[in-house]
Amino acid sequence: MGGLEIRELECFLVLAEELHFGRAGERLYVSQSRVSQLLRSLEGRLGARLVERTSRRVRLTPLGERFLAELRPAYEALRATVEDAKDRARGVEGSLRLGFQGTADALLMRAIAAFQSAHPACVTEIVEIPFADPFGAVRRGEVDAAIVLLPVAEPDIVLGPVFSKERQNVAVSLRHPFAARSSLTAGELAGTPLIAAAAPAPAYWREAHAPSAASGPAVTTLQEGLTLVAAGRGAMLLCRPTADYHGREDVTFVPVDGLPDSVLGMVWHRDGETERVRAFGRALTDVT
């Protein structure tokens, strides 16, 4: 077992969750062939197969199941030990890179102000993240945490404080039949083409923000979506604060009844929970 590589163990853990070489590669930001290479190297060190792979499915061998059960808590304990040591050495100082989707509204800015007041040695860097990639910046380590629209159902992403529950509004062109309405029902909206986020946003996340039987264009940014709304290419669901922030003369926003509220949440990678992240989560909870 000499020369054991942490990357091989991480690859096996992700593959055991996904049971798909392509998706495992996407999460690890490596090619599918690199996932295979790392797995073969680990299996060579152990002297046995951990994964069975056919043209139809990927599954763990009995040894792989046992190895997973014993490895995961050991790996998590090792990661936590390293992170705790780093946190104790640094305290809440340095910088906290915080991503946000759509709008850094007044509530979020109050949380940032409270965090900076409590931890003056830590500078908060605020970064806008793409509408169509809510979790990518966290996974790639480009930000320490992010404020994103729910839902969140990612095995490697931790959902922290949830806040800013808002009624949904639909953005439509001033020429649209709905433009003169004071409100709409979800049923009335059902047949309207809704502009949705493009990949790599997960399918369940895209569908939650464009729940219509009639598909509309897919976009990567909110501004791109609102431009298509103004051009009459479709409608787009937004919460009221985002609608107000991105208001424009050729688009109107109509409240919609019967849809789940728009909700924001703070997320971070499960391997990236530091004292800075925890401290900001507390500050966010305090102001909400």
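Ile 6 is found in helix α1 (residues 6-18), where helices (H or I, at least four residues) and strands (E, at least two) are DSSP runs, numbered from the N terminus. This is a predicted model, in which local features need pLDDT of at least 70 and side-chain atom pairs count only at pLDDT 80 or more, while totals for chains, interfaces and linings use all residues. Residues are numbered from 1 along each chain as its sequence is written, and side-chain values use heavy atoms, with hydrogens and water left out.

**Ile 6 and its surface patch**

- Ile 6 is partly exposed, with a relative accessible area of 41%; buried means under 20% relative accessible area, exposed over 50%, and partly exposed in between (1.4 Å probe, protein chains only).
- Together with Leu 78 and Val 82, Ile 6 makes a nonpolar surface patch of about 240 Å².
- Patches are made of residues with over 30% relative accessible area and no salt bridge, like charges being joined within 9 Å and nonpolar side chains (Val, Leu, Ile, Met, Phe, Trp, Tyr) within 5 Å; a salt bridge is a side-chain nitrogen of Lys or Arg within 4 Å of a carboxyl oxygen of Asp or Glu.

**The chain as a whole**

- The secondary structure comes to 11 helices and 13 strands.
- Along the principal axes, the C-alpha atoms fill a box of roughly 70 × 55 × 25 Å.
- Of the 288 residues, 47% count as buried.
- The chain exposes about 13,800 Å², of which carbon and sulfur atoms supply 53%; accessible areas come from the Shrake-Rupley method with a 1.4 Å probe, and for residues only the protein chains shown count as cover.
- Among contacts (heavy atoms within 4.5 Å) with a separation of 6 or more, 69% are accounted for by residues 24 or more positions apart.

**The four-strand sheet**

- An open sheet of four strands has the order β8-β12-β7-β11, with mixed pairing; two strands pair if DSSP finds at least two bridges between them.
- β8 (184-185) and β11 stand at the edges with a single partner strand each, so one side of each is left without a neighbour in the sheet.
- Helix α9 (residues 222-230) packs on this sheet, touching β7, β11 and β12, and its direction makes about 125 degrees with that of β11; axes are lines fitted to C-alpha atoms, for helices over the stretch in contact, and angles run from 0 to 180 degrees between N-to-C directions.
- Strand β7 (residues 168-173) pairs in the antiparallel sense with strand β11 (residues 236-239) over four bridges, and with strand β12 (residues 251-257) over five bridges, also antiparallel.
- Val 170 has Leu 237 as its bridge partner in β11 and Val 254 as its bridge partner in β12.
- Ala 171 stands opposite Phe 253 in β12.
- Six of the six residues of β7 are buried: Gln 168, Val 170 and Val 172 point one way, and Asn 169, Ala 171 and Ser 173 the other way.
- In a regular strand the side chains alternate between the two faces of the sheet.

**Helix α9**

- Leu 222, Gly 225, Leu 226, Leu 228, Val 229 and Ala 230 are buried in α9.
- The cover over these buried residues includes β7, β9, β10 (215-219), β11, α10 (240-245) and β12.
- Gly 232 follows α9 and has a positive phi, near 80 degrees.

**The five-strand sheet**

- Five strands form an open sheet in the order β4-β3-β5-β13-β6, and the pairing is mixed.
- At the edges stand β4 (122-128) and β6 (157-166), each with a single partner strand, so one side of each is left without a neighbour in the sheet.
- On average, neighbouring strands of this sheet are turned by 20 degrees against each other, direction ignored.
- Strand β5 (residues 145-149) and strand β13 (residues 262-269) pair in the antiparallel sense over four bridges, and Ile 147 stands opposite Met 266 in β13.
- Helix α5 (residues 106-118) lies across β3 (94-100), β4, β5 and β6, running at about 160 degrees to β4.

**Thr 192**

- Thr 192 has its place in the loop between α7 (186-189) and β9 (194-197) and is buried, with a relative accessible area of 7%.
- Not counting residues up to four places away in sequence, Thr 192 touches His 176, Phe 178, Ser 212, Ala 214 and Ala 235.
- The C-alpha atoms of Thr 192 and Ser 215 are separated by 8.1 Å, the two residues being 23 residues apart along the chain.
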